[in-house]
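Subject: Structure handover

Dear colleague,

Here is the structure I said I would pass on. My notes follow below it.

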Amino acid sequence: MRPRYLALFLVAFFLVACGRSTPAVVISSFGEFPSPDGNRVLKIEKKSASLVVGSILDSARAVVFSEEIGSDSSRWCFYWSTDGSLWAFSSDTGYLKQITPQGSARVVPKGEKLPDAMLEFLPSSLRATYTK
């Protein structure tokens with residue numbers, strides 16, 4: 001009878017686990033990360049004097065956007081939002097930008113709404129200056 005209970009438990013576990021949505025996570029490591037629609041790739045590299053460089057590549061691997069965001073020794077991250085925008089943050093330079101799928105970037109002003117994952121990643125001293 002034990003195998004039967006184990007099988008029921010496993011089925012219930014997988015049903016519950018698969019029913020949950022995956023939480024949005026920020027990207028804070030080097031490598032390549034596809035956009036949610038799969039049409040672009042974020043390539044994060046460490047350049048020269050430990051600078052974090054984020055580049056967006058299109059489907060032909062052409063660079064659509066590239067910029068240094070700060071030092072790898074500081075708190076930094078990128079985040080793909082569901083609308084295809086890329087958000088980038090670095091604590092040492094105060095870098096906080098939203099990059100459109102077309103590659104134009106804008107500084108995010110204080111008081112603006114941020115994706116939840118980005119807001120949660122910010123140091124607590126900055127969270128109050130932006131909204132959910």
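The side chains of Ser55 and Ser66 make a polar contact at 2.8 Å. A polar contact is a pair of N or O atoms within 3.5 Å, where within protein one must be able to donate a hydrogen and the other to accept it, and residues adjacent in sequence count only if both atoms are side-chain atoms. This is a predicted model, in which local features need pLDDT of at least 70 and side-chain atom pairs count only at pLDDT 80 or more, while totals for chains, interfaces and linings use all residues. Residues are numbered from 1 along each chain as its sequence is written, and side-chain values use heavy atoms, with hydrogens and water left out.

Ser55 lies in strand E3 (helices, H or I with at least four residues, and strands, E with at least two, are DSSP runs numbered from the N terminus). Its relative accessible area is 7%, so Ser55 is buried (buried means under 20% relative accessible area, exposed over 50%, partly exposed in between, with a 1.4 Å probe and protein chains only). Not counting residues up to four places away in sequence, Ser55 touches Val41, Leu42, Lys43, Phe65 and Ser66 (contact means heavy atoms within 4.5 Å).

The sheet around E3

E3 belongs to an open sheet of 4 strands in the order E1-E2-E3-E4, with antiparallel pairing (two strands pair if DSSP finds at least two bridges between them). Strand E1 (31-34) and E4 are the edge strands, each pairing on one side only. On average, neighbouring strands of this sheet are turned by 20 degrees against each other, direction ignored (axes are lines fitted to C-alpha atoms, for helices over the stretch in contact, and angles run from 0 to 180 degrees between N-to-C directions). E3 and E4 are joined by 7 bridges and run antiparallel. Gly54 has Glu67 in E4 as its bridge partner.

Cores

The largest nonpolar core has 14 residues, and Leu42, Ile44, Ile69, Phe78 and Leu86 have the most contacts inside it (such a core is a set of buried Ala, Val, Leu, Ile, Met, Phe, Trp, Tyr and Cys residues joined through side-chain atoms within 4.5 Å). At least two residues of this core come from each of strands E2 (41-47), E3 (51-57), E4 (63-71), E5 (76-80), E6 (86-90) and E7 (95-99). E5 gives the largest share, 3 residues. Ile44 touches Ile27, Ser29, Phe30, Gly31, Phe33, Val52, Val53, Trp76 and Phe78, again leaving out residues up to four places away in sequence. A second, separate core of 13 residues includes Tyr79, Phe89, Leu114 and Phe121.

Aromatic pairs

There are 3 aromatic pairs in the structure (rings of Phe, Tyr and Trp, the latter by its six-membered ring, pair if their centres lie within 6.5 Å; planes under 30 degrees apart count as stacked, over 60 as edge-to-face and the rest as tilted). Trp76 and Phe78 form an edge-to-face pair, 6.1 Å centre to centre with 75 degrees between the planes. Trp76 is buried at a relative accessible area of 6%, and Phe78 is buried at 2%. Phe89 and Phe121 form another edge-to-face pair, 6.3 Å centre to centre with 75 degrees between the planes. Phe89 lies in strand E6 and Phe121 in helix H2 (residues 116-121), so this pair ties together parts that are 32 residues apart in sequence. Phe89 counts as buried at 2% relative accessibility, as does Phe121 at 15%. Phe30, Trp76 and Phe78 form one aromatic cluster.

Beyond its neighbours within four places in sequence, Phe89 is in contact with residues including Ile69, Trp76, Tyr95, Met118, Phe121 and Leu126.

Strand E7

E7 is mostly covered, as 5 of its 5 residues are buried. In a regular strand the side chains alternate between the two faces of the sheet. In E7, Tyr95, Lys97 and Ile99 point one way and Leu96 and Gln98 the other way, and all are buried.

E6 and E7 run antiparallel and are joined by 5 bridges, with Ala88 having Lys97 in E7 as its bridge partner. The two form a hairpin with 4 residues between them, and Gly94 in the turn has a positive phi of about 75 degrees. E7 is also joined to strand E8 (residues 105-107) by 3 bridges, again antiparallel, and Ile99 stands opposite Ala105 in E8. E7 and E8 form a hairpin with 5 residues between them, where Gly103 in the turn has a positive phi of about 100 degrees.

Regards
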